Amino acid sequence: MGATLVGAPGAVAAGGSTIYVSSLQFCKNTGTGTQTQPYCSLQTALDAAGPGDTVRVAAGYTYEAVRVRTSGTASAPIVVTSATDDEPVVSSTAAQPAVEFDHVHDVVFHNIALDGRAPQPAVTVSGSARVTVESSEVLVYGATGVAVDGESEAFTFQKNHVVVGTPTALSVDLKAGARGTVLAGNLIPNGSAPAIRATDAPDTVVVANSLGDGATCGTAVELAGASTGAVVENNVVAGGMKACPAPGGVPFVVSAGAAADIVWDYNSVLTASPVARYSWAGQPYTTPEALYGATGHAGHDMSLQTTPATTTAEWQALVFDSADANAPHQPQPDRLGRVRVDNPLVANTGTGPGYVDRGSAEIPDPFALTAALSSVKGPVGFTETVTLTEVNPWHSKVDSYTFDFLDGTAPVVTDRPTASHTYTTTGTRRITARASLANGTTAVVQRFVQVVDDAPLVPALTARVQASSGLTAQVDGGSGTTSSWSIASYSFDFGDGSALQTWSSGVGAYTYATPGTYTVTMTVKDDGGRSATTQREITVGSALVPITPVRFLDTRYGTGAPQGKVGTGGVVRLKVAGEHGIPATGVTAVTFNLTGVGATAATYVTAYPAGRPRPATSSLNLVPGQIAPNLVTVPVSADGYVELHNFAGSVDLVADVEGYYTTTAGGTGVGAGFVQPTVPTRILDTRTGIGVGRAQMPIGPNSNVTFTVPDAVKRCATAVVLSITETQPTGSGWVGVQDPGTSWVPGTSALNFTSGQITSNQVVAPVDSLGNVHLYNAFGWVHLVADLQGYVSDSSSADCGTKTPYFPLAPARVLDTRNGTGAAKTRLAGGSKLVVKVAGSHGVPAGAKAVLVNLTGVEPTSGTWLAAYPAGTARPGVSNLNLDKGTVRPVLALVPIGADGSIEIYNAFGSVDVVADVQGYYLG
């Protein structure tokens, strides 16, 4: 605890030797216990000690229980103390207390932790005189903490902190015959047993203790039997904060034998219990006034019944400046080494100087300091100015201020709360400022300053968009900015016409009102008066939230719309936002697998935002009797709907939502993030063994296939965008995306097909913690091909690419070779490609990174496949759309845009008309 050695009256080491104890490796239990070769055993040191000797015990170690068997004298006691401010621990055993004073006298234990493990006490005093335990921590885990037998006298227990680990423990127990015990300035909790009990123990002094723990109902002080001549003053009892039954909840219990010859006054009691505060000679007294009227004692006692509304000031009023300073053994200074101070806001009602507080601790002057620096960093030669601000509710007078700059120069002592200093060498310097008050109180505050070599101000700015809020820019101008001075301010112009913002840290978030690309300009100023500016461009928009596919629509069963086929020109109005865990607001577009079932005529279905004109585009093409899917990404209307229009005949429609785009991510997604378009890469082909073993070439019925994404994607992705193709099926069936880590059959399909058919579709598939994707095949045998088109990520790592928010568009046709839209009016021959300009038209801005298009092949002259990729780059070895002769089929494709703003579309065989409808674009 580091308190000043107090000891019993006259207990001062006089001319003895110093004996050292340590558990270090070089200790020995032979020799004389020198500092260079200390004893290992505390018991060995005690046995070797004589009058006037001091035993210094190294802290940081736990020592064995000891029995003190040697004595000092009144003028030369044996003193056992810590070698530092920290406390060494002496621990009891099942057979022995931590320390047992065995028929000895004039011994002091100071600043030692005494650990009383059950069942033994921490301290026993047997047949001993003038023994002192002070400024120590006493841990009580047995039935008793400190036990003093009837043959002992003048035991002093002062300024200690007792910790009770057993609710039924008796902290201090004075047995019949113990005489002249002094219990002063201690912090002692109580459980169901008293904090202090004296039974037939005359001349006991209980002064200036803080008793009780505010939670239990035990008695604080019990003087039982013929405990005559007691002095009980200046104690503070914080009793139970609940109503407690008498007599166990009575804070003070005094027997008739003890009451006849006692000094009792200046004690304070705080408790929520409405029962008596005193049990005096068998009679209960509820208030100090009642006891004083009946006995003449407790004339200056105070009591407060607490409530939940009781304030700190109310209970402090029972403590401040009201103690009997002349009480015997009143500690000076207090238990924590603090001097007594006068609270000028409270009347002095005590004796002596009148302002000594009750209890074990003097409530200090609340005077405090804060320090402001002109700069926390600067180059060699700069001048630091420290300015102090005082918290001084007592209006205390400051005698002087001391500023120590701790660089080898002399401290500055002044009568003003400010000082300046010029640093001449580099390094991290601690500044210590101290205010010395006239009442003896000292307040200290410390700050640190860096002194560095001179260097220029170099600003550094990063800005990235958050997936959790696609319109929010996370800006960091503080981490990378460098200067030899501390930075005074960071000012930001976010490029949207809003007011300039100034941040102290340079790190924060800013939310834009609308999607777009903005230039963030940061101006930095340092404490050297210099400024510098830098800029970064940022694009904010929609992030994708993949979800476990959920069926939102099935007209066969009345799910999401009335039951029944959609007729010619019929429109299904489908609610998306606010359904099945998708947020009601902030949703900009929805991605769903649209499947047509049992069309009665050749037709096409168009998906578009509700309430807008129907575009001249198609999302799904069907022939009579066909079951065909296509992934669709379509904007959502302000009220949360999309519309599906059927061109001819009648057809059942099924929609399985796989994710949604939002500017304020929420709901039940598996990991919101931005779609990072990639160069198309084949990561699964069961025909050739890419991604699988021979056992899954092909995939059997009611089985799943697991394959791994590339390492660069694995580190970043929560989901992937794939083009899935089935080929060579042995019968009709379907393929679904399986939840990672489950063996459940998916509740929705991603791809439907019939025997001998080749079908492609885009899917958004979650990635598990190992970087795996899981697909499920329901019926028959089938080969599957998966081509990676992009991945979903919110990783801040530079390896995970630039964030690319999505901007949905109402579908727009950018290519139709049947009528010459976007290219020549001619079919695309086998082995040929055509270039389609997408950036800078139809709502896609110049500089767009990728485009989402619905790619449709119309009536090829032979079986073929189409691939879409960035213009000006080598054609990847993958396909987007597989077509049988004479068919009309669409597929959604995520296609990076070439440097000239175009994409290329390649046809493998025969000739085919090609149609492309833009759904949206990515910026970043």
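Select E222 and V253 to begin: E222 stands opposite V253, which lies in strand 25. The model is a predicted one, in which local features need pLDDT of at least 70 and side-chain atom pairs count only at pLDDT 80 or more, while totals for chains, interfaces and linings use all residues. Residues are numbered from 1 along each chain as its sequence is written, and side-chain values use heavy atoms, with hydrogens and water left out.

Strands here are DSSP runs of E with at least two residues, helices are runs of H or I with at least four, and both are numbered from the N terminus; two strands pair if DSSP finds at least two bridges between them.

Next, display the open sheet of ten strands, whose order is 4-7-10-13-16-19-22-25-28-29 and whose pairing is mixed. At its edges are strand 4 (66-68) and strand 29 (283-285), each of which pairs on one side only.

Finally, show the whole chain, which has five helices and 70 strands. Its radius of gyration, taken over C-alpha atoms, is 43 Å, well over the 29 Å from the globule rule (2.2 Å times the number of residues to the power 0.38) for 924 residues, so the chain is more spread out than a compact globule. Along its principal axes the C-alpha trace spans about 120 × 65 × 65 Å. Colouring by contacts (heavy atoms within 4.5 Å) brings up another total: among those between residues at least 6 apart in sequence, 74% join residues at least 24 apart.
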